[in-house]
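Please keep the sequence and the model at hand while reading.

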Amino acid sequence: MSLSEKLLSFVIKQNHFQKNLGQVVAWGTLSLVLISALVVVLRYGFNEGSIALQESVMYNHAILFMLGIAYTYEQDKHVRVDVFYSQFNERQKAWTNLLGTLFFALPVMTFIIWSGWEYVTTSWQIQEGSAEAGGLAYLYILKTFILIMAGLVSLQALSILIQSALTLFSEPTLIIESDADHNIETEGKL
């Protein structure tokens with residue numbers, strides 16, 4: 001198996017993993033809706049409130065958001081200044097993705113992991129909970145998702161970096177199936 005084939009295999013497996021995780025996260029939004037509805041019904045229907053239940057909405061939203069970022073990146077649905085990018089051909093897009101990943105995505109994720117590590121480990125050491133009386137006791141678990149998010153985005157950034165490099169530098173035309181309803185053909189001169 002050549003290096004290009006191994007890299008292509010990583011990209012396909014990584015994209016497949018993100019797709020599956022994205023589908024789980026999408027279904028997880030149902031829990032967010034149900035918990036939010038429960039908070040409203042309890043508050044206005046029964047004049048009952050629960051800080052823990054309200055915090056669970058916030059925790060749920062944060063977890064879904066952090067787990068869904070890498071999937072959004074894989075689907076190429078993230079926020080982008082698209083003034084020029086939409087007009088680029090495939091090679092120009094590949095160069096933009098390659099350089100953007102090298103100089104922006106990977107350094108930012110590295111910084112988040114580096115700066116967040118002590119923040120999360122300290123939270124685990126003290127078993128940090130809510131500052132509110134009656135709030136949830138597991139804030140340290142929520143903070144852990146900061147590192148998980150950075151790891152997932154880093155893996156996806158590596159996948160995009162490899163896709164871009166294969167597009168620019170591989171000799172044979174390789175097809176990388178994307179979940180964004182199109183195929184990415186990689187052509188180049190390795």
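Lys 143 is buried in this predicted model, because its relative accessible area of 10% falls under the 20% limit that defines the buried class. Its partner in a salt bridge is Glu 128, and the closest N and O atoms of the two side chains lie 2.6 Å apart. Glu 128, by contrast, has a relative accessibility of 21% and therefore counts as partly exposed, since that class begins where the buried class, under 20%, ends. The pair links distant parts of the chain, with Lys 143 in helix α5 and Glu 128 in the loop between α4 and α5, 15 residues apart. By the rule applied here, the count of salt bridges comes to one.

Helix α5, which spans residues 139–169, also holds Ser 154. This serine is buried, with a relative accessible area of 15%, and, when residues up to four places away in sequence are not counted, Ser 154 touches Leu 106, Met 109 and Ile 113.

| Residue | Relative accessible area | Class |
|---|---|---|
| Lys 143 | 10% | buried |
| Ser 154 | 15% | buried |
| Glu 128 | 21% | partly exposed |

The largest nonpolar core has 28 residues, and the residues with the most contacts inside it are Tyr 73 and Val 153. At least two residues of this core are supplied by each of α1, α2, α4 (90–125) and α5, with α5 giving the most, namely 11 residues. Val 153 is in contact with Ile 69, Ala 70, Tyr 73 and Met 109, once its neighbours within four places in sequence are left aside.

Sorted by class, the lining of the largest cavity has three nonpolar, three polar and two charged residues.

Terms used. Residues numbered from 1 in each chain as written. Predicted model: local features only at pLDDT ≥ 70, side-chain atom pairs only at ≥ 80, totals over all residues. Heavy atoms only, no water. Nonpolar A, V, L, I, M, F, W, Y, C, P; charged D, E, K, R; others polar. Helix = DSSP H or I, 4+ residues; strand = E, 2+ residues; numbered from the N terminus. Buried < 20%, exposed > 50% of the residue type's maximum accessible area, 1.4 Å probe, protein only. Contact = heavy atoms within 4.5 Å. Core = buried A, V, L, I, M, F, W, Y, C linked by side-chain atoms within 4.5 Å. Salt bridge = Lys/Arg side-chain N within 4 Å of Asp/Glu carboxyl O.
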